Amino acid sequence: MATFHFDLVSPEKMAFSGEVEQVDIPGVEGDLGVMAGHAPLVASIRPGIMTVTVGGKHEKIIVLGGLAEISEKGLTVLADTATSVAELDAAAFADKIAQMEEDLKEKEGSVLDQAIDRLDHFKTIQRQVVNSTAMHCATAHRQLNKPCIAGLFCIQKGQLLSRPYREFL
């Protein structure tokens, strides 16, 4: 499969730079699948999960908004925040959602509408991460031939996590 150059830049770091086969981007006007030879385009990114395909493997990265530019040189994503799903602090993310819900009480009009939209995006990301973790859990339990302890623990990367699965919700 043909490849193209992809740069993922956030204020904190250059999160990724290299040749990729495909990048799926959560766009404001709909999701975009970018492959080699894509037409030039600039698009706004909504909070969501971006999937980067390299060597047939998929890496999922949480982006919380930004811009994507597709040109003859490749794809550049300037993300407000970019965090690998594998590196996500689920508890901190849940706390952020709880704080956003609490902050809704202080907002009105169009500001409230925008805050609700952003909160919905965060909750969608949270559900996607939980579903991904749940699939890893079920697969790992089958592969290791170990029963899930009342469905409360999750195995991720082949190791039993010490915290209850429900903390990921």
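View 1. Asp31 is exposed, with 56% relative accessible area (exposed means over 50%, buried under 20% and partly exposed in between, using a 1.4 Å probe and protein chains only). This is a predicted model, so local features need pLDDT of at least 70 and side-chain atom pairs count only at pLDDT 80 or more, while totals for chains, interfaces and linings use all residues. Residues are numbered from 1 along each chain as its sequence is written, and side-chain values use heavy atoms, with hydrogens and water left out. Asp31 pairs up with Arg46 in a salt bridge, with 2.5 Å between the closest N and O atoms (the cut-off: a side-chain nitrogen of Lys or Arg within 4 Å of a carboxyl oxygen of Asp or Glu). The two sit in distant parts of the chain, 15 residues apart: Arg46 is in strand E5 (residues 41–54), and Asp31 is in the loop between strand E3 (22–25) and strand E4 (32–35). Strands (E, at least two residues) and helices (H or I, at least four) are DSSP runs, numbered from the N terminus. Arg46 counts as partly exposed, at 22% relative accessibility.

**View 2. A salt bridge from helix to helix.** Glu101 meets Lys123 here, the closest N and O atoms being 2.6 Å apart. Glu101 belongs to helix H1 (residues 90–103) and Lys123 to helix H2 (residues 109–144), so this pair ties together parts 22 residues apart in sequence. Glu101 is partly exposed at 34% relative accessibility, and Lys123 is partly exposed at 27%.

**View 3. Lys105 with Glu102.** The structure holds 3 salt bridges, and this view shows the one between Lys105 and Glu102, whose closest N and O atoms are 3.2 Å apart. Lys105 is exposed at 65% relative accessible area, whereas Glu102 is partly exposed at 40%.

**View 4. A nonpolar patch on the surface.** Val42, Leu67 and Leu78 make up this patch, with about 280 Å² of accessible area together. Patches take residues with over 30% relative accessible area and no salt bridge, joining like charges within 9 Å and nonpolar side chains (Val, Leu, Ile, Met, Phe, Trp, Tyr) within 5 Å. The areas are Shrake-Rupley values with a 1.4 Å probe, and for residues only the protein chains shown count as cover. Leu78 lies in strand E7 (residues 74–79) and is partly exposed, at 46%.

**View 5. Ser10, tucked into a loop.** Ser10 sits in the loop between strand E1 (4–9) and strand E2 (14–20), and is buried at 6% relative accessible area. Its side chain makes a 3.0 Å polar contact with that of Glu12 (N or O atoms within 3.5 Å; within protein, one must be able to donate a hydrogen and the other to accept it, and residues adjacent in sequence count only if both atoms are side-chain atoms). Leaving out residues up to four places away in sequence, Ser10 touches Ala79 and Ala82, contact meaning heavy atoms within 4.5 Å.

**View 6. The largest nonpolar core, and another one.** The largest core has 19 residues, and Phe6, Leu8 and Ile25 are among those with the most contacts inside it. Strand E6 (57–71) is one of the elements giving it two or more residues, and E6 gives the most, with 4 residues. A core here is a set of buried Ala, Val, Leu, Ile, Met, Phe, Trp, Tyr and Cys residues joined through side-chain atoms within 4.5 Å. Not counting residues up to four places away in sequence, Ile25 touches residues including Asp31, Met50 and Val77.
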